[in-house]
Amino acid sequence: MIKEEKVDKSEIVLKLENLTKRFGDLTAVNNINLEVHRGETIGLVGPNGAGKTTTIKMIAKILRPNSGRILIRSNHSELQDLNKISRTISQIGFLIDIPAFYNMTAYQLLRYFANLQNYPKNKINQRIDELLERFKLSEWKYKPVKTFSKGMTQKIGIIQALIHDPEIIILDEPQTGLDPLARVEIRKYIRELQSLGKTIFVASHMLYEISEVCDKIALINYGSIIGFDTVENLALTLKTSELNCVLLEPIKPSELEPLINLLTERLDPYLDKDLDPMVSKIPVKYYPEQQGLKIFYDGRNESKGDILKTLIKEFESDFTVISFTQPRTSQLERVYAEMVKDNDSKEKNILNKEV
Amino acid sequence: MENRKNSFNGIKPIFYTIVFEIKKQRRKFYFFSFIAIIVAILLGYVLQLIPGYLLSDTQAEFFNNGLQFISFITLFSACLFFSGIICSEFDKKTGFIVFPKINKYKLILGKYFGNLILVVSIITLYYFILGILGFFYYGGPINIRLFYSYGIAILYVIALSSFVTFFSSFMRSVNLTIISTLILLLIGFNIADQIVTLVFKESFEPLYSLAYLGNLITGILEYPFPDPRYSEFSFSGMGPGGMGGDFSFGQWVTPSIEMGIALLIVFIVFYFLLAAYLFKRRQL
């Protein structure tokens, strides 16, 4: 039974100020500004090489920023410059890159890491057992980590980040190498950590995983944050939004065409007039496999309600709507794709001008 | 009281790292201990069983013969225990897990002392067996110079360890560190010493050389201590057809005790501090 904890979400626990990291001519992280509040789950999303891991490495003090600073609040004190703190930051748990371990058993490693982070000695064994059981690795407790599969090593990587029960958890691509069931487990565990009031920072390019667990998303490309907000607010920037309606019974093929035409006519005031043909050629589409309709609308919140009312009232005799949802992942995918595309073309323009 | 508790908390990660490192390197330790026992027994016991092989006249000479291979054991063990001490964290990327958990200076101190305990134990084991055999052949008490030699050997292995640690701080891979330090310590220093001696003769003592400083381990067993410490051998050559001439070859036998000990301590501190600084600066 997990006891939910109430936290003051207005308190900033981690702040990145004008953070920049260069490797020779390459600017890996470019003037990033980001605020993470206590209890929030932030997703850092971007393509490979966008600067996600570099940002996390700077927070972990593995890399030194060229300019800017990282501020951290430990135990509700003032925000402190990470560079000026000589000790290690034990309230943060890190999983960086693909984890690699010394050739020791899972128990020996986890015990060492817990000791280093000053976790109470009398509770270490209990904590190790608890986490190994949570991630279904109890049987592997005394086996050398080098004999573990990729997914199991990744799980040990996540466990080592959590072993000292940190307030802030920073996970870089936590789903790498995990099978679908293990991914579900990780998502479930992240939600449990959320309910405990933990602040979580997840970097990934797996949009589904991110959109499912994160309160806010920071989109990063070419080392710059190109968008930072909730999925819903980010989606407002989209010209087109979509709605999924699942029907109780399938539409008969003979009735399909007139019905779609009628739907398009009735829903016309709310539909997207400039629908991108790359997204869809028609604004109302029927998917027989899913037994559902996909409606591309103008993205306004009030339109959603009106569409639902129209479907229920005017098409009562044609079908019954059993589910009416706005998919977060596909929205995020499109926000991501559009923002990255815009940013790519800006970068190209800059490069062309420089040339 | 609170201050004492805080400072203890500060050194606790070093202690945990020492214990962890000892556990991690235990297989290497068993292997080198086995080698040390075999070599000590071979030189100190099995060799005496060969018909016609005469046992040394004195206990000190017996120890001197038995210690002929000590520099190899110290060298190989230092290279193999310490070569990965820093660069493996970068090469194998284990640093991503461990660097956020422990200050780099504490990590290097813990790993250094952990490995040092093992290497010193191997040397101790070798001297112990040799001491027992010396007692077995010549009776007690054990010649005090064996203990002096043991002390020098310990200093020497620590200096070698610092030297290899320094290399590990900037090398890319463990294997490269092993190869380069072995070449330098086995061949590099000796070649440099011979060139220097050939050019400068007795006017310049190769005190920069760790290999030369290692001569003190057996040098201290000699009674009286070698004086002069520089010796020259002359050969009158008669080449084909009556050609040839006088040829002299000089060699520095051993450093003086005071200078040897002082320099070993300087090397220990210098190489370790340099290694720690480079490790702190190096980014993953």
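**Figure 1. Helices and strands of chain A in the predicted model.** Chain A has 10 helices and 14 strands. Helices (DSSP H or I, at least four residues) and strands (E, at least two) are numbered from the N terminus. Of the 355 residues in chain A, 50% are buried; buried means under 20% relative accessible area, exposed over 50%, and partly exposed in between (1.4 Å probe, protein chains only). Residues are numbered from 1 along each chain as its sequence is written, chains are lettered from A and ligands numbered from 1 in the order in which they are written, and side-chain values use heavy atoms, with hydrogens and water left out.

Figure 2. For the complex, the predictor gives an ipTM of 0.87 and a pTM of 0.82.

**Figure 3. The contact between chain B and chain A.** Each chain brings 27 residues to the contact. About 2,600 Å² is buried between chain B and chain A, and carbon and sulfur atoms give 60% of this area. Buried area is the accessible area (1.4 Å probe) that two parts lose on being put together, summed over both. B:F20, B:F96 and B:K101 supply 29% of what chain B buries against chain A, more than any other three residues.

**Figure 4. Helices of chain B that touch chain A.** α1 (2-24), α6 (95-98), α7 (104-138) and α12 (257-281) of chain B each supply at least two residues of the side that touches chain A. The largest share, 7 residues, comes from α1(B). By class, this side of chain B has 11 nonpolar, 5 polar and 11 charged residues. Ala, Val, Leu, Ile, Met, Phe, Trp, Tyr, Cys and Pro count as nonpolar, Asp, Glu, Lys and Arg as charged, and the others, Gly among them, as polar.

**Figure 5. Surroundings of B:T254.** B:T254 lies in the loop between β2 (246-252) and α12 of chain B. B:T254 is buried, with a relative accessible area of 0%. Beyond its neighbours within four places in sequence, B:T254 is in contact with B:E205, B:Y212, B:N215, B:L216, B:G219, B:F225, B:P226 and B:R229.

Key
This is a predicted model: local features need pLDDT of at least 70, side-chain atom pairs count only at pLDDT 80 or more; totals for chains, interfaces and linings use all residues. Contact means heavy atoms within 4.5 Å.
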